[in-house]
Amino acid sequence: MATFGQTTKMVDVIGKFVDVVSKKLPDDVMAKLEELRVQEEAPLAKVIYDVMFDNIDKALTLNRPTCQDTGVIQFFVRSGAKFPLLGQLRGILREATIAATKSAPLRLNAVEVFDEVNTGTNVGTEVPFIEWEIVDDSSNVEIEVYQAGGGCSLPGRSIVLPPLAGYEGAMKFVFDTIVDWGINACPPLVVGVGIGTCSNSAALLSKKAMLRPIGTSHPHPKAAAMEKKIEEGLNAIGLGPQGISGKNSVMAVHVEGMAHHPSVLGVGITVGCWANRHGVIRFDENLNYEIISHKGVNL
Amino acid sequence: MKKVLTTPISDEAIKSLKVGDIVYLSGTLVTCRDEGHRRVVAEGIMPKLPLDRIAIFHAGPIVKDVENGWEMVSIGPTTSMRMERYEKEFLAKTGVKLVIGKGGMGAKTAEGCKESTAVHAVFPGGCGVVAAEEVEKIEGKEWPEFGMPEAFWIMKVKEFGPLIISIDTEGNNLFENNKIGFHQKKEVAFKETAKEIVSMIAKS
């Protein structure tokens with residue numbers, strides 16, 4: 001049975017974690033940006049990388065959100081069936097969002113649907129957005145927070161292709177989407193591609209792919225090769241940072257997939273900007289926690 | 001040597017700028033994005049502040065209320081292309097000389113820049129803290145009913161930048177030119193990638 005003290009503690013910890021994620025980029029993103037910065041040769045692109053790194057430093061020293069668009073707060077919950085606060089978690093995540101909005105402060109980005117009025121609290125109907133997954137029978141939970149700005153949410157889309165369009169059609173959809181929409185999504189981008197059986201399964205898989213840590217590959221050798229080839233293809237286009245043109249277009253391309261109906265191939269795309277603010281925190285049943293994405297951070 | 005534009009900005013200073021130049025801005029900068037453009041152009045309502053020869057920023061900031069005013073926390077650019085529908089008329093109506101945003105703008109805005117002697121420039125996206133540090137003071141706020149991101153924030157800035165000129169007064173358009181190159185390279189890259197992936201999937 002969850003106590004009031006436990007609920008309050010979890011609100012406090014997650015609220016502080018959401019605050020940190022808005023200000024400090026995760027380890028995987030930092031490592032990749034440093035790698036791409038060194039590779040860059042175009043003069044204007046180098047100027048942009050310099051400002052990006054100056055901004056990363058200033059956000060930390062001044063304790064401010066790295067980008068003014070702190071997004072709609074999204075949580076991806078991967079829980080064991082026996083995590084004791086599972087029933088309270090929706091309320092906890094909502095309260096944590098309100099707390100982080102005040103402490104960071106985050107931009108007020110929740111516009112209530114139908115009335116089209118900003119709620120002024122960063123929460124609203126189905127916001128924070130929560131994706132639930134029961135992964136096993138344990139009493140632990142892993143929570144991933146993601147702060148997607150409007151710019152990098154805009155290219156997101158999914159399509160259901162007929163079988164004869166196949167993987168060629170899927171690639172056309174990916175390349176067209178990134179070139180038509182990627183420039184304003186703040187490249188270098190993280191591109192998530194989902195191969196599913198309908199529009200929502202493809203979209204969800206693309207989001208999971210985008211959130212996978214940079215530097216990891218899909219366990220299936222063909223999917224891993226696909227990730228590499230798409231990454232090379234998109235980098236050959238040379239969008240550069242901010243689409244100013246340069247050496248690379250993307251930080252990573254990740255693909256996730258599932259078995260699908262023989263008559264369809266669903267393809268989803270989710271794009272993350274260079275200021276890719278995602279963070280993973282794990283709790284055990286006693287609410288001891290470990291931060292996975294940001295080593296050395298204390299809340 | 002930093003090239004600094006100071007408001008009120010002269011036509012001569014604007015005409016001397018070419019795409020790819022890097023400049024900085026000192027003086028008055030106001031935020032104006034979707035709702036502000038719609039109000040000025042579609043509804044014909046002007047803000048109280050005269051906009052002649054100053055600069056606008058396509059941006060929705062995080063602002064903190066403090067005693068006797070506001071503090072700029074984070075202010076990076078938003079996608080300029082969203083304002084493409086109205087920018088040409090906006091320039092003609094207001095006399096704004098410098099439009100700052102993210103990504104490029106289209107042919108209609110390029111025409112507007114030529115006719116109204118104005119330029120479009122980009123500030124690196126996602127760098128809201130660097131930009132906020134170049135804001136000396138928030139001097140005022142109009143249209144608060146639009147909410148924090150859309151309100152019309154009036155700022156005094158010092159050497160605000162780097163600003164990369166993306167549309168100049170001669171009709172040159174950096175991002176539209178880039179796009180032509182990107183699309184050509186895309187055709188080659190897509191065909192090669194798709195061919196390799198299709199043949200890889202076919203092998204079982």
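A: Let's start with α3(A): this helix has 20 residues, and its first and last C-alpha atoms are 28 Å apart, close to the 28 Å expected at 1.5 Å a residue. The expected span is 1.5 Å times one less than the number of residues. Helices (H or I, at least four residues) and strands (E, at least two) are DSSP runs, numbered from the N terminus.

Q: Before we go on, what kind of model is this?

A: It is a predicted model, in which local features need pLDDT of at least 70 and side-chain atom pairs count only at pLDDT 80 or more, while totals for chains, interfaces and linings use all residues. Residues are numbered from 1 along each chain as its sequence is written, and chains are lettered from A and ligands numbered from 1 in the order in which they are written.

Q: Thanks! Back to the helix: which residues of α3(A) are buried?

A: They are A:Ala45, A:Ile48, A:Tyr49, A:Val51, A:Met52, A:Asn55, A:Ile56, A:Lys58 and A:Ala59. Buried means that 20 or more other C-beta atoms lie within 10 Å of the residue's own; exposed means 12 or fewer, partly exposed is in between, and C-beta atoms are placed from the backbone.

Q: What do the buried residues of α3(A) pack against?

A: Elements of both chains: α1 (4-23) and α2 (27-39) of chain A, together with α5 (128-133) and β9 (152-167) of chain B. Contact here means C-beta atoms, placed from the backbone, within 7 Å.

Q: How many residues does each chain put into the contact between A and B?

A: Chain A gives 47 residues and chain B gives 45. On the side of chain A that touches chain B, α3 (43-62), α6 (166-181) and α8 each supply at least two residues. The most comes from α3(A), with 10 residues.

Q: And what classes of residue are on that side of chain A?

A: There are 27 nonpolar, 12 polar and 8 charged residues. Ala, Val, Leu, Ile, Met, Phe, Trp, Tyr, Cys and Pro count as nonpolar, Asp, Glu, Lys and Arg as charged, and the others, Gly among them, as polar.

Q: You mentioned α8(A). How does its span fit its 17 residues?

A: It agrees: at 1.5 Å a residue they should span 24 Å, and the end C-alpha atoms are 25 Å apart. Its buried residues include A:Met226, A:Ile230 and A:Leu234. The buried residues of α8(A) pack against α6, β7 and β8 of chain A, along with α6 (174-202) of chain B. Just after the helix, A:Gly238 has a positive phi of about 65°.

Q: Switching to sheets: what is the strand order in the sheet of 4 strands?

A: In chain A the order is β6-β9-β7-β8, an open sheet with mixed pairing. Strands count as paired if DSSP finds at least two bridges between them. At the edges are β6 (157-161) and β8 (250-257) of chain A, each pairing on one side only. Inside that sheet, β7 (189-196) and β9 (265-272) of chain A are antiparallel over 7 bridges, and A:Val193 has A:Ile269 as its bridge partner.

Q: Which helix lies across β6, β7, β8 and β9 of chain A?

A: That is α7 (199-211) of chain A, running at about 145° to β7(A). Axes are lines fitted to C-alpha atoms, for helices over the stretch in contact, and angles run from 0 to 180 degrees between N-to-C directions.

Q: What about the sheet with 5 strands?

A: It is also in chain A, open and mixed, in the order β4-β1-β5-β10-β11. β4 (129-136) and β11 (289-291) of chain A each have a single partner strand, so one side of each has no neighbour in the sheet. The twist averages 20° from one strand to the next. In it, β1 (72-80) and β5 (141-148) of chain A pair antiparallel over 8 bridges, with A:Ser79 opposite A:Val141.

Q: Last one: how many helices and strands does chain A have?

A: It has 8 helices and 11 strands. Of its 299 residues, 49% count as buried.

How values were computed:
Two residues are in contact if their C-beta atoms, placed from the backbone, lie within 7 Å.
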